[in-house]
Amino acid sequence: MDGPLLSVLLLLLLRAWSLGGQGPEPGGPSEEPGKEEVPEEDGILVLSHRTLGRALQEHPALLVEFYAPWCGHCKALAPEYIKAAALLAAESAKTRLAKVDGPSEPELTKEFAVTEYPTLMFFRDGNRTNPEEYTGPREAEGIAEWLRRRVGSSTTRLEDEEGAQALIDAHDVVVIGFFQDLQDEDVATFLALAQDALDMTFGLTDRPQLFQKFGLTKDTVVLFKKFDEGRADFPVDEELGLDQGDLSSFLLTHSMHLVTEFNSQTSPKIFAARILNHLLLFINQTLAPHQELLAGFREAAPPFRGQVLFVAVDVSANNNHVLQYFGLRAEEAPTLRFINMETTKKYKPADRGPVTAAWVTTFCHSVLSGKVKPYLLSQEVPPDWDQHPVKTLVGKNFEQVAFDETKNVFIKFYAPWCTHCKEMAPTWEALAEKYRDHEDIIIAELDATANELEGFAVQGFPTLKYFPAGQGRKVIEYKSARDLETFSKFLDNGGKLPEEEPAEEPSAPFPVSAYIPRLQASDMPSDGWRWG
């Protein structure tokens, strides 16, 4: 083949190679589809529907946060999430943290059924179909530890007495599972629990010499602690096996002090203990006579362990929200209050006797046996309660106004810290102004955190209820849009919307149950709990 012909053939081959897509065209994509680079922000992978697949391939352990830019909870989580990523990076951990802007990625939110923010999911080994929901803490060390226990071991294997004693001596609370057969399914139950009990250290052994050292003859989970009784045993039922729920409750109960001093560190554990009855001693820790009362309070606690949680609240600390919840003033300390977390009913002693072990024990037994009636909070009726377009109701005038047979009464039950309530306030004022000359219509509001109503539950804030005129004490809950036009149609139509009006659901009210972990920090008093 001569030289010119060879040159022509080479040119044709080069052109065909270029047209065939070998190599990027000027201005074309830098990567093949699905190979887009994954950007990072503060050590967090920023994912989209185009990059999630690549991230799952490259990172066998991936925690993904679905967030919304406007979400207050997400904003509160953001700095802790960044710190957690830094902690894991410093350890050269295999786990990576990532985030997805949910509203901007509807394909992903639909795929993973994301209905609230933030939602966190843990992906293992590239498995896209079965992520594990993140159920751990919302602070950096807790997030990191939750991941460590899933990627690494959640327990220490103990082979001898020296290792067991060293583990016990190194921590305030240590849980050791003594199992004669480490292949038993009870061991799997124990290990599963250890993954999530992040505030406890776990050990595991099958060594006969360790059974003997600690006086055991059968499978037992033992909690060792450097306070109170020092040790608590949970024998494994030989017929039923190890129940994870029962063991979890046992460990939560016995890992706590007989008397827990309330503060921001202990409050999550107080409410996670699943003990429905709480007995609170309010004292001023700056006063020596008050400090001395703790001894009698603690002496009364052991017989009630697991049934009543004993808590000490320092009125000289930043606990005003707790005092407010129980209707107390700091100067009333020392005093006791009892609350059932399921019913939220509160109880107080009939007399102000000295806080001794005998007095505390008697009060506890009286409440548990039904001899003490619960009390209800109520503010005093303001002198000008009916002088403004929006009438002010409290516990003491609610019955008289709400069930006035000559009036149609529309009431907003609110909490001072509730964002939804604050956003709705101008509309409620405008509604009251619009109907101020209607003698048969009253627009009112009641602070449900400071006033309690017998047999009348408020499940969220704001709650709107309409009390129509007439007999029968009828109550209608309003669940439609919270705007002036819809409110007006509701009132003009006698407490119902015209049939052609769709019942648009408003944003979900803030719950008033004892546990509200997803609320914005700015929306809740102090630690974010109902009484604490």
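**Briefing: a predicted 532-residue protein model**

At 53% relative accessibility, Asp-42 counts as exposed (exposed means over 50% relative accessible area, buried under 20% and partly exposed in between, with a 1.4 Å probe and protein chains only). The structure is a predicted model, in which local features need pLDDT of at least 70, side-chain atom pairs count only at pLDDT 80 or more, and totals for chains, interfaces and linings use all residues. Residues are numbered from 1 along each chain as its sequence is written, and side-chain values use heavy atoms, with hydrogens and water left out.

**Confidence**

- The protein has a mean pLDDT of 88 (the predictor's confidence in each residue, from 0 to 100), and 87% of its residues reach 70 or more.
- Residues 8-14 stay under 50 in pLDDT, and the model gives this stretch 1 contact beyond four places in sequence (contact means heavy atoms within 4.5 Å).
- Residues 510-529 also have pLDDT below 50, but the model has 55 contacts for them beyond near neighbours in sequence.

**Overall make-up**

- Of its 532 residues, 47% are buried.
- Taking contacts between residues at least 6 apart in sequence, 68% link residues at least 24 apart.

**Largest nonpolar core**

- The largest nonpolar core has 25 residues, and those touching the most other members are Leu-279, Phe-297, Phe-310, Leu-336, Phe-338 and Val-360.
- Such a core is a set of buried Ala, Val, Leu, Ile, Met, Phe, Trp, Tyr and Cys residues joined through side-chain atoms within 4.5 Å.
- At least two residues of this core come from each of β13 (277-283), α11 (288-300), β14 (308-314), β15 (335-340) and α13 (357-368).
- Helix α13 supplies the largest share, 6 residues.
- Beyond four places in sequence, the contacts of Phe-338 include Asn-277, His-278 and Leu-279, as well as Val-308.
- Phe-338 also contacts Lys-345, Lys-346, Tyr-347, Phe-363, Cys-364, Val-367 and Leu-368.
- Leu-280 lies in strand β13 and is buried, at 0% relative accessibility.
- The C-alpha atoms of Leu-280 and Arg-337 are 5.2 Å apart, although 57 residues separate the two along the chain.

**Helix packing**

- Two packed helices are described by the angle between their axes and the distance between the axes.
- Axes here are lines fitted to C-alpha atoms, for helices over the stretch in contact, and angles run from 0 to 180 degrees between N-to-C directions.
- Helix α3 (residues 72-90) packs against helix α5 (residues 140-151) at about 50°, with the axes 7 Å apart.
- That angle makes α3 oblique to α5; angles under 35 degrees count as roughly parallel, over 145 as roughly antiparallel, 65 to 115 as roughly perpendicular and the rest as oblique.
- The crossing of α3 and α5 is right-handed, a term for the near helix being turned clockwise from the far one by less than a right angle, anticlockwise being left-handed.
- On the α3 side the contact involves Leu-77, Glu-80, Tyr-81, Lys-83, Ala-84, Leu-87 and Leu-88, and on the α5 side Ala-140, Glu-141, Ile-143, Ala-144, Leu-147 and Arg-148.
- Helix α5 also packs with helix α7 (residues 185-196), at an angle of about 155° and with axes 8 Å apart, so α5 is roughly antiparallel to α7.
- Trp-146, Arg-149 and Arg-150 of α5 meet Ala-194, Gln-195 and Asp-196 of α7.

**Backbone details in loops**

- Ala-333 and Pro-334 are joined by a cis peptide bond with omega near 5°, and Pro-334 sits in the loop between α12 (320-325) and β15.
- A cis peptide bond also runs from Phe-461 to Pro-462, with omega near -15°; Pro-462 lies in the loop between β20 (460-461) and β21 (463-467).
- Asp-42 has a positive phi of about 55° although it is not a glycine, and is found in the loop between β1 (40-41) and β2 (44-47).
- Asp-125, likewise not a glycine, has a positive phi near 50° and is placed in the loop between β5 (119-124) and β6 (132-133).
- Asp-125 is exposed, with 67% relative accessible area.

**An exposed helix residue**

- Ala-170 belongs to helix α6 (residues 161-170) and is exposed at 53% relative accessibility.

Methods:
Helices (H or I, at least four residues) and strands (E, at least two) are DSSP runs, numbered from the N terminus.
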